[in-house]
Amino acid sequence: MTASDILTTDSLSVTFGGVKALAGVSISVRQGEILSIIGPNGAGKTTFFNAVTGAYAPTGGRVFLSGREITDMGPDQVARLGLARSFQNLKPFAEMTLLENVLVGREIHMASGMLAAILRSPAFHRDEAAQKQRARELLSFVGLEQRRDQLARNLTYGERKMLEIARALALEPSVLLLDEPVAGMNPTETGFVMELVQNIRRQGITVVIIEHDMKMVMGISDRIYVLDHGELIAEGLPHEVRANPAVIEAYLGGGTLAPAH
Ligand SMILES: Nc1ncnc2c1ncn2[C@@H]1O[C@H](COP(=O)(O)OP(=O)(O)O)[C@@H](O)[C@H]1O
Ligand SMILES: [Mg+2]
C-alpha cells in the first residue's frame, strides 16, 4: 500500500459452501482514478464488491479504506466512512418519489438529529431544506431533475440505474463502486454514463467499475484488473490488458472480450 491508495484489499477471500468465489485477491485503488474490474460471468466481481462493502463477511484477508481497516465492518458503517455502491440488481423504493429516494441517502448528513426531527425544531427545518436542495442537485447531475416528483416505479430501466447512482452519491462518498452501470443500456445511454463517471471523478470521487461493455471499459479506465475463477489474472493499462494472453484465454473460455448486448 502507498500513500495514494484509497482502497486496498490484502488477500481477500470468500468461500460459499466450499466453493472459493474469491481466492486471495489483493487490489489497490489509487485516489482519484477510474479503475475497472472485468472478468467472465461468475469470476467473483460482485462478490468482491460485497466483501469490500461488508455485505458478505470475508472468509480471509483484509480490507482498508484510506488506511483504516474496515474488514469486519457492516455496510452502514462502511458507507458512513465514505465507501458507496450501486447494485447490479436495482433496489429503488418504488412507491417513493425520486427526490425521496435520494433523501434516504442523505439521512446520515442530517446534522440536527432525531430529537430535533421529532420536535420539528427550526434547526430541523433548515437542515431539511438544505438536504432537499442537495438531493435536487444530485438528480440534476444524473439527468433526472425533470422527474424528481414522480414515483420511482415509473422510471425506465436506464433511468432507474441513474437514480441508483444519485442515491449512492447522496452519501457524499470518497469512493464509489458501480456494478455493471451500463448493462442493458443503449449506446446513447452508455455514452451518457461514460460522461457521468468522468464528471464524478472530476468532483474528486474515486470510481471502481465492474463492467462487461468493453467500449466503456477501454474508453474510461485508468487501469483494469481482471478476475477469473476468483483469482486476479491480470492488471494494467487498458491496452496492456486487452493484449494480455491470459485475459484473452479467460474470455475465450467463458465468453468474449466484447459480449453482444
Ligand atoms: N450468495 C451466494 N451464495 C452462494 N454462491 C454465491 C453467492 N454469491 C455468489 N456466489 C457464487 O460465487 C461465484 C462468483 O459470483 P459473482 O461474484 O456473482 O460473479 P460475477 O459478478 O463476476 O459474475 C459464482 O460461482 C456464484 O455462483
Ligand atoms: Mg456480478
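Which elements do the buried residues of α6 pack against? I found β7 (83–85), α3 (98–106), α5 (122–141) and β8 (175–179). For contact I used C-beta atoms, placed from the backbone, within 7 Å. Helices (H or I, at least four residues) and strands (E, at least two) are DSSP runs, numbered from the N terminus.

A note on sources: this is a predicted model, where local features need pLDDT of at least 70, side-chain atom pairs count only at pLDDT 80 or more, and totals for chains, interfaces and linings use all residues. Residues are numbered from 1 along each chain as its sequence is written, while chains are lettered from A and ligands numbered from 1 in the order written.

Next I listed buried residues of α6, among them Lys-161, Glu-164 and Ala-166. A residue is buried with 20 or more other C-beta atoms within 10 Å of its own, exposed with 12 or fewer, and partly exposed in between.

Then I checked the loop between α6 and β8, where Glu-172 sits. Glu-172 has a positive phi of about 50° although it is not a glycine. Glu-172 is partly exposed, with 15 other C-beta atoms within 10 Å.

His-229 lies in the loop between β10 (223–228) and β11 (231–236). I counted 17 C-beta neighbours inside 10 Å, so His-229 is partly exposed. For background, I jotted down that most residues other than glycine have a negative phi.

Notes
Contact = placed C-beta atoms within 7 Å.
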